Amino acid sequence: MAEEKGLLRNNATTLVLAVLKDGARHGYDIAREVERRSEDTLTFKHGTLYPVLHSLEKDGLIVSEWERADGERPRRVYRLTDRGRAELERCVATWRTFARAMNRVIAGRSSGEQAA
Amino acid sequence: MVPPPPTPEREAGGASCDTLTPSGIIEQYLDRLCAPLAGVLPPAERCRLREETGGHLESLARAYTHEGREPVEAARLAVEKFGECGAVGEDFLEAWFAHQPRGALAQRIGLANARALTCFGAANLTAALLLLVRVCWPSAEPYTFGLSVAQARQIVPEPLPLPDLSPASLALAVVALVGPPAAGWAAGTWVPVRPVRAVLRVQVLLTLYTFALGAQLLPLREGILLGVFQVVYWLPAGAGAAHLAAALTRRRRQRWHEAPTPAESGSGAAPAAMGAAP
């Protein structure tokens, strides 16, 4: 759906940084890990990942290097920088605040009413 | 799984043997992805994109083969899963363009908008200055189409200048008519990613500005007519010229540049067999 695609696009940075938090990965691994962790709820055209990776690298949140394997094309492996970790924490905190607020609105009660 | 798309025909006419092999399908996709980026992206960036995309597609194809698909079908599914090459290339180009070095104005409004503003701002400013010159220094011998000056003023009320053959009048007419396509053409050539969108954004704002300025300097009806002229002619002419220029520029770049060879060492390695486990 268009709404889901919009949500995915707007949170692509958080998703990529969260996957890279656990270790260096190349693009295909990142895409599959997002799909695996979300149990195929978050599916997307894998080509949309590379502009995001390019932007994150230019912003200094991730770094990359070529990795060579016998008989295969060289792969570009990405890993998180310290700045990337800090940005991930900020994004996660923002998301959690937003999700809490959405849940409260959907539930129809404020935190004060819930405590009562 | 979504059924794979039909194999695209080669431009030369008819499918060749290459497109019927997994590596041929992937290489054709890579060619179509990278060719429009030639002349815009630096060769090293294009090579990197090509290599990364090739590796990704091969991994996808291996995964589909592991699921039991035939190698050719797996390659086609991989290409489909990766996304339409035009859209992928444009998204990558937009991300790359957004991070290019830029001045203060471009940092504030975006590089594409700044370039479009330069083209259309110059055209609008030139037209406004010429109009001001004609208003402040009207010709002593206006061309009134056989009418008296009073009758001509019923059609072209003050302070708008009556037409004449002075250099300033001719220049104003040329700028008013030729300015939008010329500015659009310049923007379409200079802005490598989504120039029409940048032109529309900038020209809409300039039209509002012109309308506001016209409302101050001109009678209300004439101010509205000036704004309407910009909306009815300047906007579509500029956007159309930008679209055409961008398309021709892209085609010219594709003709002048060959598909890049992988620049990073190790790129000559043959791709892994499609039947290998991921």
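These legends walk through close-up views of a predicted model.

In this predicted model, local features need pLDDT of at least 70 and side-chain atom pairs count only at pLDDT 80 or more, while totals for chains, interfaces and linings use all residues. Residues are numbered from 1 along each chain as its sequence is written, chains are lettered from A in the order in which they are written, and side-chain values use heavy atoms, with hydrogens and water left out.

**View 1. The interface of chain A and chain B.** Here 28 residues from chain A meet 33 residues from chain B, where contact means heavy atoms within 4.5 Å. About 2600 Å² is buried between the two chains, and carbon and sulfur atoms give 52% of that area; buried area is the accessible area (1.4 Å probe) that two parts lose on being put together, summed over both.

**View 2. Charged partners across the interface.** Look for A:Glu57 and B:Arg48, a salt bridge whose closest N and O atoms are 2.6 Å apart. The rule (a side-chain nitrogen of Lys or Arg within 4 Å of a carboxyl oxygen of Asp or Glu) finds five salt bridges across the interface of chain A and chain B. On the side of chain A that touches chain B, α4(A) gives the most, with six residues; helices (H or I, at least four residues) and strands (E, at least two) are DSSP runs, numbered from the N terminus.

**View 3. A salt bridge within helix α3 of chain A.** A:Glu35 pairs with A:Arg32, with the closest N and O atoms 3.9 Å apart. These two residues are separated by about one helical turn because they sit three residues apart in the helix. Over all chains, a search of the whole structure finds 19 salt bridges.

**View 4. The second largest pocket.** This pocket holds about 1100 Å³ of space (a volume is the space filled by probe spheres set on grid points, which are joined across faces, edges and corners). On a 1 Å grid over the protein atoms alone, a pocket is an open set of points where a 1.4 Å probe fits, with protein on both sides within 12 Å along at least five of seven lines; lining residues have an atom within 4 Å of a point. Its lining has 39 residues, and among those nearest the centre are B:Ala127 and B:Leu131. With ten residues, α6(B) gives the most to this lining.
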